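Here is a quick tour of a protein model for someone meeting it for the first time. Have a look at the sequence and the fold, then read on.

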Amino acid sequence: MRHLLYIICAIVLGGCNNGRNVPALNDVVFDSIPSNAYFVAENEEWKIFLNDEATGDSIEGVGAVKQVSLWTYNKSKKSVKMLMMSHPHANGSWFTMEHAVKIPLDSIPTISKVTVLSWKGESLKLLVEGCSDYRNVQSFIIDAESDQAICLPTNRGLIGVSEEYGLLIMQSYAYYEDGGRYNKIQAFNLIGKRIASMEAKVR
């Protein structure tokens with residue numbers, strides 16, 4: 001619990017504008033990866049890219065959301081794979097669930113940020129995040145060997161990964177009964193089990 005309190009001190013409140021802070025694919029030619037794909041994450045074994053495929057039409061008063069494809073490149077095998085394609089208008093009823101749920105990969109609406117969770121030699125696991133409603137950040141754990149993802153019951157995204165056990169420290173917001181928001185900090189393991197939770201109420 002004390003570790004979670006330290007993390008709160010480092011929170012920087014943000015929205016859905018996860019801008020690109022990494023270069024586009026240019027210096028090295030990776031066969032089969034679209035030329036406009038951009039690099040978003042890596043570890044010793046993998047490079048991860050996103051490619052903007054299309055921008056969906058607005059629906060029910062919500063603005064247009066990008067459709068993206070996610071590509072992996074294995075450095076040692078020099079192999080390329082398109083892991084998934086997002087679907088901006090996928091059913092999002094699970095976003096309000098109180099616990100993690102498994103969903104099909106093609107039910108992820110959009111992706112703007114990727115974090116590699118696995119170590120070298122392990123099956124590739126990713127945390128992908130995106131904002132499909134211009135307010136909440138949806139977060140999903142992907143295992144590259146599965147056709148399903150784990151949708152986490154959070155709405156403000158990843159704060160960090162713990163040094164011990166590689167727990168995902170996630171941020172959410174909730175509402176006071178008399179109005180106004182407060183933060184919730186939760187820790188999850190890589191199968192979506194909630195390990196710890198704390199409400200950071202200030203009143």
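Helices (H or I, at least four residues) and strands (E, at least two) are DSSP runs, numbered from the N terminus. With that in hand, the protein has one helix and 13 strands, and going from the N terminus its elements read α-β-β-β-β-β-β-β-β-β-β-β-β-β.

A word on the source: this is a predicted model, where local features need pLDDT of at least 70 and side-chain atom pairs count only at pLDDT 80 or more, while totals for chains, interfaces and linings use all residues. Residues are numbered from 1 along each chain as its sequence is written, and side-chain values use heavy atoms, with hydrogens and water left out.

Of the 203 residues in the protein, 44% are buried (under 20% relative accessible area, with a 1.4 Å probe and protein chains only). Take the contacts (heavy atoms within 4.5 Å) with a separation of 6 or more: 42% of them join residues 24 or more positions apart.

Now for a sheet. Four strands make an open sheet in the order β10-β11-β12-β13, with antiparallel pairing; two strands count as paired if DSSP finds at least two bridges between them. β10 (158-161) and β13 (194-200) are the edge strands, each pairing on one side only. From one strand to the next, the twist averages 25° (between N-to-C directions of lines fitted to C-alpha atoms, on a scale from 0 to 180 degrees).

Two of the pairings look like this:

| β10 and β11 | antiparallel | three bridges | Leu158 and Met170 |

β11 (168-175) and β12 (181-188) each supply at least two lining residues. A pocket here is an open set of points on a 1 Å grid where a 1.4 Å probe fits, with protein on both sides within 12 Å along at least five of seven lines, and lining residues have an atom within 4 Å of a point. The second largest pocket holds about 440 Å³ of space, the volume being what probe spheres set on the points fill. Its lining has 23 residues, with Phe95, Thr96, Pro153, Asn155 and Tyr173 nearest the centre.

Notes: Buried < 20%, exposed > 50% of the residue type's maximum accessible area, 1.4 Å probe, protein only.
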